[in-house]
Amino acid sequence: MTKEILDKINKFTRREFSADELYTFSVILCDNEIDRDCERFSDAALEKLKALFVGKTGIFDHEASTSNQNARIFETELVTDESRKNKCGEPYKYLKASAYMVRTEDNKNLIAEIEGGIKKEVSISCSAGRRRCSVCGCDKALQSCSHVKGKTYGGRLCHVVLDDITDAYEWSFVAVPAQVNAGVTKRFTDEGDNKSAGDSATENERLLRCEIRRLAFISGGKTAAFAAELAAHGMNEVQLAGMKKAYEKLAGHGKPEIQLATEPGNEQQTSSFKL
């Protein structure tokens, strides 16, 4: 470990640590490829995330608690791989982060699992103000369109382009991330949300339910998110929109959006990626 790296890490510590007290590793947080949820980040979004993720904490399963904090990012880099293209035919780009942990008796097994490739996949939680349809350019955070994610139009796969990033919350070790290439080297996700909404729910209703759960999580944690999901079950679109506005005031948020959720939020959405 070089002095330059130590200096970057020690900016986040209360005292200076030596190299043998620390464990560092690299992780791919996200990229510009279309992910499992038929979403992708724009180049501008990746640039913004590069700046926002410096200093962000690493946890497990997006469980927001101080006892669940395990690592912290001290450096990020946006890498362009000219040797490959994403599904849109553009140069492949990914956001790489360097993270550190303080070696303790409690985390030695975690370090061994990271080294052994057991703890590998990760997901990020961030907020995006725009969710643009790749077919017509419609901002799905503001209005719906007739194009459906995952369907092909004119030979091109319809997906949502996430842009106008307003915040990055955390990154988590998860079992199944949305982004195939993310991992140790989008999600405050809730796949159950679709099932709760039912197959007959409209896209807007599914998006609203996901956003309500996300806002409830921000304001009150996992228990509040679960209670909000139960309360939203069976509501129509008008009722859900009113409930979302109430949670926006409670959470103190404007119009962000979290990416990497199986179903994006109406104006903010969560998504996931691998380390």
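Author: Let us begin with a term: a salt bridge is a side-chain nitrogen of Lys or Arg within 4 Å of a carboxyl oxygen of Asp or Glu. Please keep in mind that this is a predicted model, in which local features need pLDDT of at least 70 and side-chain atom pairs count only at pLDDT 80 or more, while totals for chains, interfaces and linings use all residues. Residues are numbered from 1 along each chain as its sequence is written, and side-chain values use heavy atoms, with hydrogens and water left out.

Reader: What makes Lys 8 and Glu 4 a salt bridge?

Author: The closest N and O atoms of Lys 8 and Glu 4 are 3.7 Å apart, and the limit is 4 Å, so the pair qualifies. Both residues belong to helix α1 (residues 3-10), and because they are four residues apart there, about one helical turn separates them; a helix here is a DSSP run of H or I with at least four residues, a strand is a run of E with at least two, and both are numbered from the N terminus. Glu 4 and Lys 8 are also linked with Glu 75 in a network of salt bridges.

Reader: Why is Glu 4 called exposed, and why is Lys 8 called partly exposed?

Author: Buried means under 20% relative accessible area, exposed over 50%, and partly exposed in between, with a 1.4 Å probe and protein chains only. Glu 4 has 53% relative accessibility, so it counts as exposed, whereas Lys 8, at 22%, is partly exposed.

Reader: How many salt bridges does the rule give, and what distance puts Lys 108 and Glu 105 among them?

Author: The count comes to nine salt bridges. The side chains of Lys 108 and Glu 105 meet at 3.0 Å, N to O, and Glu 113 forms another with Lys 119, where the closest N and O atoms are 3.0 Å apart. Glu 105 is exposed at 59%, while Lys 108 is partly exposed at 45%; Glu 113, at 29%, is partly exposed, and Lys 119, at 24%, is partly exposed too.

Reader: How do you know how many disulfides the structure holds?

Author: A disulfide is a pair of cysteine sulfur atoms within 2.5 Å, and by that test the structure holds zero disulfides. For Cys 38 the nearest cysteine sulfur, that of Cys 158, is 7.7 Å away, and Cys 38 is in no disulfide. For Cys 138 the nearest cysteine sulfur is that of Cys 145, 4.7 Å away, and Cys 138 is in no disulfide either.

Reader: Are Cys 138 and Cys 38 buried or exposed?

Author: Cys 138 has 10% relative accessibility, so it counts as buried, and Cys 38, with 15%, is buried as well. Cys 38 lies in the loop between β1 (22-31) and β2 (39-41).

Reader: What is the phi of Cys 38, and which strand holds Asp 164?

Author: The phi of Cys 38 is near 60°, a positive value in a residue other than glycine. Asp 164, found in strand β9 (residues 160-173), likewise is not a glycine and has a positive phi of about 55°. With 42% relative accessibility, Asp 164 counts as partly exposed.
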